[in-house]
Amino acid sequence: IKFTYSGWGTTFQKKKAAGGEWVHIPIPLATYVKGVSQKISTVEFCAKISSANSRPTEIDLWDVDDRFYIGNITGWPVNTLHCHSVGFNPPVWKSSLGMSVHLSFANLTDTIVMYKAWVNLTE
């Protein structure tokens, strides 16, 4: 996989045969504030795709080596910044947060630009 860092996001494009690749994103997490546990209520990332045939297809969330969420991603609009969120009700406490996003590429010319990823916390 080929990737280029830029000020507004990271562009991914397949360098060899088209197919899927995983992108792993660590997300800073405040677990306690003034002695009060902070729980994850929403996790979100944004991306922009160049073709309907190449897009994010799965999101996994991790606490160290424990995968606590697996979800499919569907319906991504082309050439539009779009965000995908995962909500937890009730919110969950985790000691760390990592996000893995599977990117599926139909060919070697399509690109996917990954923008910010973040977490919303609640007490």
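**Labels and their cut-offs**

Tutor: At 2% relative accessibility, Asp60 counts as buried. Keep in mind that this is a predicted model, where local features need pLDDT of at least 70, side-chain atom pairs count only at pLDDT 80 or more, and totals for chains, interfaces and linings use all residues. Residues are numbered from 1 along each chain as its sequence is written, and side-chain values use heavy atoms, with hydrogens and water left out.

Student: Why is Asp60 called buried?

Tutor: Buried means under 20% relative accessible area, exposed over 50%, and partly exposed in between (1.4 Å probe, protein chains only). Asp60 has 2%, so the buried label applies.

Student: What makes Arg67 and Asp60 a salt bridge?

Tutor: The rule asks for a side-chain nitrogen of Lys or Arg within 4 Å of a carboxyl oxygen of Asp or Glu. In Arg67 and Asp60 the closest N and O atoms are 3.1 Å apart, so the pair passes. Arg67 itself is partly exposed, at 42% relative accessible area.

Student: How many salt bridges does that rule give?

Tutor: The count comes to two. Glu21 and Lys14 also form one, with their closest N and O atoms 2.7 Å apart. Lys14 is buried at 9%, while Glu21 is partly exposed at 24%.

Student: How do you know that β7 and β8 pair?

Tutor: Strands are DSSP runs (E, at least two residues), numbered from the N terminus, just as helices are runs of H or I with at least four. Two strands pair if DSSP finds at least two bridges between them. Six bridges join β7 (residues 55–63) to β8, so they qualify, and they run antiparallel. Asp60 stands opposite Ile70 in β8.

Student: What makes β3 and β8 edge strands?

Tutor: The open sheet of four strands has the order β3-β10-β7-β8, with antiparallel pairing. β3 (20–26) and β8 (66–72) each pair on one side only.
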